[in-house]
Amino acid sequence: MNTKFILDESRIPRQWYNIIPDMPGPLFPVINPQTLKPVTPEDMGVIFPRALIEQEMSTERWIDIPDEVREIYKLWRPSPLFRARRLEQALQTPAKIYYKYEGVSPAGSHKPNTAIPQAYYNKQAGIRRLATETGAGQWGSSLALACSMFGLECTIYMVKVSCTQKPYRKSMMQLWGGTVIPSPSEFTNAGRSILAHDPDNLGSLGIAISEAVEDAATHEDTNYALGSVLNHVCMHQTVIGLEAKEQMALAGDYPDVVIACCGGGSNFAGLSFPFIADRANGKKVRCLAVEPSSCPTLTKGVYAFDYGDTAKLAPITMMYTLGHDFMPPGIHAGGLRYHGDSALISQLYHAGEIEAKSYRQNACFEGALLFARSEGIVPAPESSHAVRAAIDEAMLAKEEGKERTILFGLSGHGQLDMGAYDAYLAGGLEDFEYPEEKIREALQRLPKIQL
Ligand SMILES: *Cc1c(COP(=O)(O)O)cnc(C)c1O
């Protein structure tokens, strides 16, 4: 009876799966926020290399993974698939629970799966430096790692309040050679104009995006990199699901339901898209995206065109959104606080191809604690959303007295999030009510797009 299902390095996927040709209908155009016309490859060329722009719009189902990228993937891929036997026992459930663990990467999450190819394609294009933003620091540390491997400089605009709240993620970025700039900063027009009005501004992800994009757009040798949401980012993450399918086959099983937490959506996309592709061959797998009830993009948002960032510099896309200036409450799952969702995931949800569910943070930490006490691994606060949903699926199977095979994504470990666990253990966290009023307000400021 195996607990771990391990693939040899030779089984690291040779191609990423691009879901675009298998989508239920054509994609909506992406809109330039300045002209309100569809973006052109030339618009995107100011901040992205051509290879990634091509991937963003490609209708090829399979895209080759460069050998240089596969070589670096070998440092932690294939990642392990576990059968959660001890959690099953603790729950006394007839369900079988599997989880795919991405916490084995050097940065401790799935994000290096896309940081590595993004750094690679920029290096190929002759770029010298990448600029990006980070909130809690998971993306910034992943990109700093990737840049160090390809000899690129990395400038990370880190939300100022997070710099003091999450000092160890800042240390990781610096250890891998990244330059961390607390945002808002004096280095960009976007930062300076905010500081002029409000010298003590603590920053936000929207402001940091504006600074990083401006930095990239105003320097010839510098490009921008984004850690989630975009089509090519979702595609790079499909190594997770492609491996998981092989590992489930090793285990002699196939999931009835695939579960992952959903911030911008790349982690959920990475695990679920290769399973969604199986439906063409008659498989009946459900896919469930899990989000915080304080930032309930899919479950309470609207499907509409909206800006990708607060400052309205990022492209406008058709997506489930809570409004680009919606500020979610400060929950501990920092990676799940984006106001919108990937266009691909939004379209799949709108078409009824995937399901979504939201949870409050205490319920998630409760699940994470049971998981840590049975399986050992301490889940990242983001991943705890998937843990909770998997536990509930297993308990439902028990109530119904049915067998059920559950696969969930454990997107990262929580060893740099002990502050959050401390707060939970010290007597619970604040559970925020569904911020209906704030969402309704923010939704009044959606852009009006005429196609
Ligand atoms: C960033 C992050 C997420 C959210 O990722 P998306 O791909 O944007 O949905 C989930 N889990 C962990 C551990 C993360 O670091």
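Where is the place of P78? The views below take up this and other sites.

This is a predicted model: local features need pLDDT of at least 70, side-chain atom pairs count only at pLDDT 80 or more, and totals for chains, interfaces and linings use all residues. Residues are numbered from 1 along each chain as its sequence is written, and side-chain values use heavy atoms, with hydrogens and water left out.

View 1. P78 sits in the loop between α3 (67-73) and β4 (81-83). Helices (H or I, at least four residues) and strands (E, at least two) are DSSP runs, numbered from the N terminus. The R77 to P78 peptide bond is cis, with omega near -15°. S183 and P184 are also joined by a cis peptide bond, with omega about 10°. P184 is in the loop between β8 (179-183) and α9 (189-197). Most peptide bonds are trans.

View 2. Most residues other than glycine have a negative phi. L36 is not a glycine, yet has a positive phi of about 55°. Its loop runs between β2 and α1. L36 counts as partly exposed because its relative accessibility is 39%. V229, also not a glycine, has a positive phi of about 70°. V229 lies in the loop between β9 (222-224) and α11 (231-236). At 16% relative accessibility, V229 counts as buried. Buried means under 20% relative accessible area, exposed over 50%, partly exposed in between (1.4 Å probe, protein chains only).

View 3. Leaving aside neighbours within four places in sequence, F268 is in contact (heavy atoms within 4.5 Å) with residues including A260, F273, L288 and I345.

**View 4. Helix α5 against helix α6.** The axes of α5 (residues 112-124) and α6 (residues 138-150) come within 8 Å and cross at roughly 40°. Axes are lines fitted to C-alpha atoms, for helices over the stretch in contact, and angles run from 0 to 180 degrees between N-to-C directions. Among the α5 residues that meet α6 are I116, A119 and Y120; among their α6 counterparts are W139, L143 and F150.
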